[in-house]
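The sequence and the structure are shown first.

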Amino acid sequence: MNQYEYLKELRSYLSPLGRIEEDRVIEYYAELIVDKIESGIPEKEVLTQLGTPRQLADKILSETQEYEEPQNIKEPKELSVGRIVGFSILIPFVITALAILYSVAVSFVAASVGMQLGGVLTIIGSFFVMFVSFGAGICQFGVAIFVSALGLFAAYGSWKFILLCIKITQKIFKAYAKTYTKGA
Amino acid sequence: MDSQLKKGMLEVCVLKVLTKGESYGYKIISDLSPNIEISESTLYPILKRLQSSGCLTVEAKEHNGRLRKYYRITNLGFERIDEFLKDWEQIDKIYKFIAEVNYESI
């Protein structure tokens, strides 16, 4: 293994540090290795002295942990690849779930429009019925008012439901955006 | 030795090396190594902390066609050494106290 392969492998273990710190650490060790080689120590011996990349990475991570304020250490992102794969497999299901959600919303809207429209027409109709039979007309009038009121409730309900659907969609899109941008 | 205590002292050791002029990672280790054992992985967080506390500044300069980071002590760094030496008088008293108690108990 030469120094470049060594540093590449070392970097692969340093992701808990975050990208910026990872770069700094690699810069530091790259400089050190070259300086040692320049001073006459053979490359192979320099790398042997540092230990395997895994051993050195463990040392670096533990030193960082005990030396620095805890808030500077980021959570390991080891699951990011698994997260991307898992999220991708879920896409068809997510789309189906959203489609169901939105079709329910549409039927809510249709029901509320139908009830209100039907209610209003029935109210108008009830006046004509009143000419024939006053009792039947009043009865129809009452039912029509009830139906339109129900339609108004349904309108309010479907408005809230649509807002909920939008919120859920936004959350799902944000989760996906986060996974694909940060995890990659 | 208690690792925090040792790290605190190593910070001052690094600053002391820098009082002789700006230096870089490998040279700092080489200058310290005859007397004080310090590994590459120990030096890195020490340099980082000294930089963030303002005890030293870092400048990348060209050397043999590549960039090398040079560390330079600041006034705050000098103050830090003075503080350590003052603290040491206290530590010395504590040491004598502890040592004395031990002798009496034997």
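## Sheet and helix packing

Y24(B) has Y70(B), in β3(B), as its bridge partner. The model is predicted, with local features requiring pLDDT of at least 70 and side-chain atom pairs pLDDT 80 or more, while totals for chains, interfaces and linings use all residues. Residues are numbered from 1 along each chain as written, chains are lettered from A in the order written, and side-chain values use heavy atoms, without hydrogens and water.

β1(B) and β3(B) are antiparallel partners joined by two bridges; strands count as paired if DSSP finds at least two bridges between them. Strands are DSSP runs of E with at least two residues, and helices are runs of H or I with at least four, numbered from the N terminus. The open sheet of chain B has three strands in the order β1-β3-β2, with antiparallel pairing. Its edge strands, each pairing on one side only, are β1 and β2.

| Strand | Residues |
|---|---|
| β1(B) | 23–24 |
| β2(B) | 56–63 |
| β3(B) | 66–73 |

α2(A) packs on this sheet and touches β1, β2 and β3 of chain B, contact meaning heavy atoms within 4.5 Å. The direction of α2(A) makes about 100° with that of β3(B); angles run from 0 to 180 degrees between N-to-C directions, and axes are lines fitted to C-alpha atoms, for helices over the stretch in contact.

Helix α1 (residues 3–12) of chain A and helix α2 (residues 19–38) of chain A have axes that come within 10 Å and cross at roughly 155°. α1(A) is therefore roughly antiparallel to α2(A), a term for angles over 145 degrees.

Terms used
Angles under 35 degrees count as roughly parallel, over 145 as roughly antiparallel, 65 to 115 as roughly perpendicular and the rest as oblique.
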